[in-house]
Amino acid sequence: MRVLVGGGTGFIGTALTQLLNARGHEVTLVSRKPGPGRITWDELAASGLPSCDAAVNLAGENILNPLRRWNETFQKEVIGSRLETTQLLAKAITKAPQPPKAWVLVTGVAYYQPSLTAEYDEDSPGGDFDFFSNLVTKWEAAARLPGDSTRQVVVRSGVVLGRGGGAMGHMLLPFRLGLGGPIGSGHQFFPWIHIGDLAGILTHALEANHVHGVLNGVAPSSATNAEFAQTLGAALGRRAFIPLPSAVVQAVFGRQRAIMLLEGQKVIPQRTLATGYQYSFPELGAALKEIVA
């Protein structure tokens, strides 16, 4: 299968490309910079979709970049980097003389409203209560194609855990130094997934013809933020009881963005499991041991 991956040079894209290559698929990346095995977004806009059997979009500015202030300029970049790339790919698919058989978009569990008690599956309502949920709604709408010649899948991802990037890139050092602990109260849910499983779900969505609609890209075992901190500490052989106060998180990320860390949702991958996907890392302890090994 020839797979076109938008935004494929990042943490998730690298893992997905490795898995697709290992399974005998041919990958072309869409990125800002030209290079071997790549086309640029400008080339895609000018020349249309290259011949491919499936397309995936992973593009999007990192929302939780601590080096960027949460202001109007950055908010526009966050929105634009997601909506514009998704619209561009969707338009190219619609216009292609031979459209791909599958079109997969990765969004986020921010679609579901944070709660200490609610449990969300793929059919749960959401998408209309704050900046991030509205963004997911617009993002998923931008991907919708007319007709049914191309199978469409949306994967709402949780926090992606893996070596050498993503959330773990920022967390490991304080935990290794014994300075880790829960964020805020620690009671909030922490919807997580191992990078290997997110790449696995995306590959499953590309390969399996019966998969369509929304899948939750989270592990089947849920955890609170405090349980995550405790489990990561145990995997490193360190104590993890120094909480990161809410006020510090709000000062670094801004009040609106801090919600993503201080509040969470319990998300169940009901449809993901029903499609037959088998997790490599369903449990948090084993996932974190593999990452820090």
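The model is predicted, so residues are numbered from 1 along each chain as its sequence is written, local features need pLDDT of at least 70, and side-chain atom pairs count only at pLDDT 80 or more, whereas totals for chains, interfaces and linings use all residues. Side-chain values use heavy atoms, with hydrogens and water left out.

**Exercise 1. Find the order of the strands in the open sheet and name its edge strands.**

Begin with the elements themselves: helices (H or I, at least four residues) and strands (E, at least two) are DSSP runs, numbered from the N terminus. Two strands pair if DSSP finds at least two bridges between them. Strand β1 (residues 2-6) runs parallel to strand β2 (residues 26-31), and five bridges join the two; within this pairing, L4 has T28 as its bridge partner. On β2 the parallel pairing continues over three bridges to strand β3 (residues 38-40), where V30 stands opposite I39. Elsewhere, strand β5 (residues 102-108) is joined by seven bridges to the parallel strand β7 (residues 151-157), and W103 stands opposite Q152 there. Put together, the seven strands have the order β3-β2-β1-β4-β5-β7-β10, with parallel pairing. The edge strands are β3 and β10 (213-217), each of which pairs on one side only.

**Exercise 2. Which hand does the β-α-β unit of β1, α1 and β2 have, and which strands does α1 touch?**

A crossover is right-handed if, with the strands pointing away from the viewer, the path from the first strand over the helix to the second runs clockwise. By this rule, β1, α1 and β2 form a right-handed unit. For touching, contact means heavy atoms within 4.5 Å. Helix α6 lies across β1, β4, β5, β7 and β10, and runs at about 170 degrees to β7. Such angles run from 0 to 180 degrees between N-to-C directions, and axes are lines fitted to C-alpha atoms, for helices over the stretch in contact. Neighbouring strands of the sheet β3-β2-β1-β4-β5-β7-β10 are turned by 20 degrees against each other on average, direction ignored. Helix α1 packs on this sheet and touches β1, β2 and β4 (54-57), while its direction makes about 160 degrees with that of β2.

**Exercise 3. How do α1 and α6 cross, and which classes of residue make their contact?**

The axes of helix α1 (residues 11-22) and helix α6 (residues 195-207) come within 9 Å and cross at roughly 60 degrees. That angle makes α1 oblique to α6, since angles under 35 degrees count as roughly parallel, over 145 as roughly antiparallel, 65 to 115 as roughly perpendicular and the rest as oblique. The crossing of α1 and α6 is right-handed; a crossing is left-handed if the near helix is turned anticlockwise from the far one by less than a right angle, and right-handed if clockwise. Among the residues that meet are F11, I12 and A15 in α1 and I195, L198 and G200 in α6. The contact of α1 with α6 divides into 11 nonpolar, two polar and no charged residues, where Ala, Val, Leu, Ile, Met, Phe, Trp, Tyr, Cys and Pro count as nonpolar, Asp, Glu, Lys and Arg as charged, and the others, Gly among them, as polar.

**Exercise 4. At what angle do α3 and α4 pack?**

Helix α3 (residues 72-95) and helix α4 (residues 131-143) pack at an angle of about 15 degrees, with their axes 8 Å apart. The two helices, α3 and α4, are therefore roughly parallel to each other.
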